[in-house]
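My entries follow in the order in which I checked things.

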Amino acid sequence: AGMRGKTCGLCGQNDGERKTEYRMPNGRVAKSETSFAQSWILPDDKCNEECKFRREHVELGRRVSVLGEELRCYSTEAVLLCAAGCSPTHTAPVNIGFHCLPAASTISSRDYAIFAEKTEDREDSFLAHTECSCPAERCASA
């Protein structure tokens, strides 16, 4: 009873509120158990800094049509991805929110993080990386 409402992480807040049990490190509530679990994954200590996972906002990867208008959608939360130069060997679908803009809009990947503060227009699944393979020269041996 002394810890009620004073915990966080994979154990939740221990406050009896089921709707907030999936609170991620960024303070937002995950849309699924998988998204929640992945938000708490820590990078592997066996690899140097270049080889670790990174979290990035992503584009949905397909255009969406709403009322006849073509849209491109960008995630409102970062997704777990392999570092540049590394390849995913396992993936898992995660449900995340997306903010959509007219397809003609010009957005660079450097601007994706701004979507964390935008309204969520749709929820969709995205394949997050759960295991990566990196070139041997980039990773230290165990």
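Is Cys82 buried or exposed? I found Cys82 buried, because its relative accessibility is 3%; buried means under 20% relative accessible area, exposed over 50%, and partly exposed in between, with a 1.4 Å probe and protein chains only.

Notes on the source. I am working on a predicted model, where local features need pLDDT of at least 70, side-chain atom pairs count only at pLDDT 80 or more, and totals for chains, interfaces and linings use all residues. Residues are numbered from 1 along each chain as its sequence is written, and side-chain values use heavy atoms, with hydrogens and water left out.

Disulfides. I counted three disulfides in the structure, a disulfide being a pair of cysteine sulfur atoms within 2.5 Å.

I took the partner of Cys82 first. Cys82 is linked to Cys132, with 1.8 Å between the sulfur atoms. I read a torsion of about -95° about the S-S bond of this pair, so the disulfide is left-handed. Cys82 sits in the loop between strand 4 (79-81) and strand 5, while Cys132 belongs to strand 6 (residues 122-133), so the link ties together parts 50 residues apart in sequence. Strands here are DSSP runs (E, at least two residues), numbered from the N terminus. Cys132 is partly exposed, at a relative accessible area of 24%.

Next I looked at Cys86, which is joined to Cys134 with an S to S distance of 2.4 Å. The link of Cys86 and Cys134 is right-handed, with 110° about the S-S bond. Cys86 is in the loop between strand 4 and strand 5 and Cys134 in the segment after strand 6, so this pair ties together parts that are 48 residues apart in sequence. I noted both Cys86 and Cys134 as buried.

The remaining entry is the disulfide of Cys73 and Cys100, at S to S 2.0 Å. The link of Cys73 and Cys100 is right-handed, at 100° about the S-S bond. Cys73 lies in strand 3 (residues 69-75) and Cys100 in strand 5 (residues 87-102), so parts 27 residues apart in sequence are tied together. Both Cys73 and Cys100 are buried.

I traced an open sheet of four strands in the order 2-3-5-6, with antiparallel pairing; two strands pair if DSSP finds at least two bridges between them. Strand 2 (64-66) and strand 6 are the edge strands, each pairing on one side only. Between strand 2 and strand 3 I found three bridges in the antiparallel sense. Ser65 stands opposite Glu70 of strand 3.
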